[in-house]
Amino acid sequence: MQLLKALWALAGAALCCFLVLVIHAQFLKEGQLAAGTCEIVTLDRDSSQPRRTIARQTARCACRKGQIAGTTRARPACVDARIIKTKQWCEMLPCLEGEGCDLLINRSGWTCTQPGGRIKTTTVS
């Protein structure tokens, strides 16, 4: 008898979860982002110069209160707005795992240095 009650409770919980997901999907209409997420809108690469690639990326983010669009692990992400206001770019962990982060002298961006010595420079505009 208790097994039957447990199964009914489990089935009820599963049904509730399903309904919550359906309702959530209805609120997130096509083209809207979930809070705290980002997506890349455009990505342009220019490899016309030898040994150098210039990439420009535009992202769209739906950040929570106190957050703003930034970069974490080389992907667009919502980060603490204080990091952007104070231009302490390395605090948002913009580089990949194993890379070193350094601020540019004028704080207009950062560099990510790979263990082999290759450097990726990112400027904020």
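The disulfides of the protein chain follow the pattern 1-2, 3-4, 5-7, 6-8, where bonded cysteines are counted along the chain.

Me: Before we start, what kind of model is this, and how are residues numbered?

Reply: This is a predicted model, in which local features need pLDDT of at least 70 and side-chain atom pairs count only at pLDDT 80 or more, while totals for chains, interfaces and linings use all residues. Residues are numbered from 1 along each chain as its sequence is written, and side-chain values use heavy atoms, with hydrogens and water left out.

Me: What is a disulfide, and how many does a search of the whole structure find?

Reply: A disulfide is a covalent bond between the sulfur atoms of two cysteines. In practice, a pair of cysteine sulfur atoms within 2.5 Å is counted. Searching the whole structure gives four disulfides. One of them joins C38 to C61, with an S to S distance of 2.0 Å.

Me: Where do C38 and C61 sit?

Reply: C38 is in strand 1 (residues 37–46) and C61 is in strand 2 (residues 54–62), so the pair links distant parts of the chain, 23 residues apart. Helices (H or I, at least four residues) and strands (E, at least two) are DSSP runs, numbered from the N terminus.

Me: Why is the disulfide of C38 and C61 called right-handed?

Reply: The torsion about its S-S bond is about 115°, so this disulfide is right-handed. For C95 and C112, joined at S to S 2.0 Å, the torsion is about -85°, so that disulfide is left-handed. C95 lies in the loop between helix 2 and strand 5 and C112 in strand 6, so the pair ties together parts that are 17 residues apart in sequence.

Me: Are C95 and C112 buried or exposed?

Reply: Both C95 and C112 are buried. Buried means under 20% relative accessible area, exposed over 50%, and partly exposed in between (1.4 Å probe, protein chains only). C38, at 21% relative accessibility, counts as partly exposed.

Me: How do strands of a sheet pair, and which strands form the open sheet here?

Reply: Strands of a sheet pair through backbone hydrogen bonds, either parallel or antiparallel. Two strands pair if DSSP finds at least two bridges between them. Here three strands form an open sheet in the order 5-6-7, with antiparallel pairing. Strand 5 (100–103) and strand 7 (119–123) are the edge strands, each pairing on one side only. Strand 6 (residues 109–113) pairs with strand 7 over five bridges, and T113 has I119 in strand 7 as its bridge partner.
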